[in-house]
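Thanks for coming. I will take the inside of this protein, then its charged pairs, then one of its pockets. Please have a look at the structure before I start.

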Amino acid sequence: MINLTPKQEAYFEALTASLERDTGKSLAMWIDIVRDECPEATRQGRAAWLKAHHGLSQTRIRQILNEFLPPDAGWTNPDALRAGLWKTPASLALLTAFESLITHLPDVVPTQRKGYSAFSRDYQFAALKPVKGGVRIGLALPVESDSRLVPAHREKWSERLRSSLIVTSTAAILQLKPLVNRAHKNS
């Protein structure tokens, strides 16, 4: 798979391997069921139908539908996701500054999501998303690590990112190097 850490790849492989064991049907069989039996035409309609008629979990439904009808700008198209998220030159400059900050760190896996850019080693240690006037940075550090940090908001990034801060300049991002190094080390 593209745009996934090795642990994420292993998770999705295990999920696919367990589908037949847990449901009695292989992924190919589920795709046939959706194609041949589902009367719904939309992704949401198909998801509701699978849940109502087969009692599948959201994770299993997403797995089947992503294989049946892959999203155009899904995890397999990180460049499109990045372009869609980092639209302004100012926000892109902040992301680029952060990326330059981590180039010296070993084993960093950048991953792009629809709503944020994530950086992992074994686990996600940082994520960025554009906000009005700057960028919100989530870090895998306790809030007590630095006076600039506040508790992470209800972001959709990893629950490991327990603290965050908003940064409005590339100079401010470069000052975060010690914090980012600690977050990376903890991942």
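**Inside the protein**

Contact here means heavy atoms within 4.5 Å.

A word on where this comes from. The model is predicted, so local features need pLDDT of at least 70 and side-chain atom pairs count only at pLDDT 80 or more, while totals for chains, interfaces and linings use all residues. Residues are numbered from 1 along each chain as its sequence is written, and side-chain values use heavy atoms, with hydrogens and water left out.

Back to Val180. Together with Phe98, Ile137, Leu139 and Ile173, Val180 has the most contacts inside the largest nonpolar core, which has 31 residues. At least two residues of this core come from each of helix 6 (89–101), strand 2, strand 3 (124–131), strand 4 (134–139), strand 6 (163–167) and helix 8 (177–186). Helix 6 gives the largest share, 5 residues. There is also a second, separate core of 15 residues, with Leu27, Cys38, Ala47 and Trp49 among them.

Now the terms. A nonpolar core is a set of buried Ala, Val, Leu, Ile, Met, Phe, Trp, Tyr and Cys residues joined through side-chain atoms within 4.5 Å. Buried means under 20% relative accessible area, exposed means over 50%, and partly exposed is in between, with a 1.4 Å probe and protein chains only. Helices (H or I, at least four residues) and strands (E, at least two) are DSSP runs, numbered from the N terminus. In soluble globular proteins, nonpolar side chains tend to be buried together.

Which residues are buried in helix 4 (residues 58–68)? They are Arg60, Ile61, Gln63, Ile64, Leu65 and Phe68. Their cover includes helix 1, helix 2 and helix 3 (43–54).

**Charged pairs**

A salt bridge is a side-chain nitrogen of Lys or Arg within 4 Å of a carboxyl oxygen of Asp or Glu. By this rule there are 8 salt bridges.

In one of them, Asp32 meets Arg35 at 2.4 Å, N to O. Both residues lie in helix 2 (residues 27–37), 3 residues apart, about one turn of the helix. Asp32 counts as partly exposed because its relative accessibility is 33%, and Arg35, at 47%, is partly exposed as well.

Asp22 pairs with Arg21, with the closest N and O atoms 2.9 Å apart. Arg21 is exposed because its relative accessibility is 65%, while Asp22, at 44%, is partly exposed.

Asp146 and Arg148 form a salt bridge at 2.8 Å, N to O. Is Asp146 buried or exposed? Asp146 has 19% relative accessibility, so it counts as buried. Salt bridges with shared partners also join Arg21, Asp22 and Arg60 into one network.

**A pocket**

Last, the second largest pocket, which holds about 400 Å³ of space. On a 1 Å grid over the protein atoms alone, a pocket is an open set of points with protein on both sides within 12 Å along at least five of seven lines, and lining residues have an atom within 4 Å of a point. The volume is the space filled by probe spheres set on the points.

The lining has 19 residues, and Gln8, Arg113, Tyr116, Gln124 and Ser158 lie nearest the centre. Helix 1 (6–23) and strand 2 (117–120) are the elements that give two or more residues.

Methods:
On a 1 Å grid over the protein atoms alone, a cavity is a set of points where a 1.4 Å probe fits but cannot get out, and a pocket is an open set with protein on both sides within 12 Å along at least five of seven lines; lining residues have an atom within 4 Å of a point.
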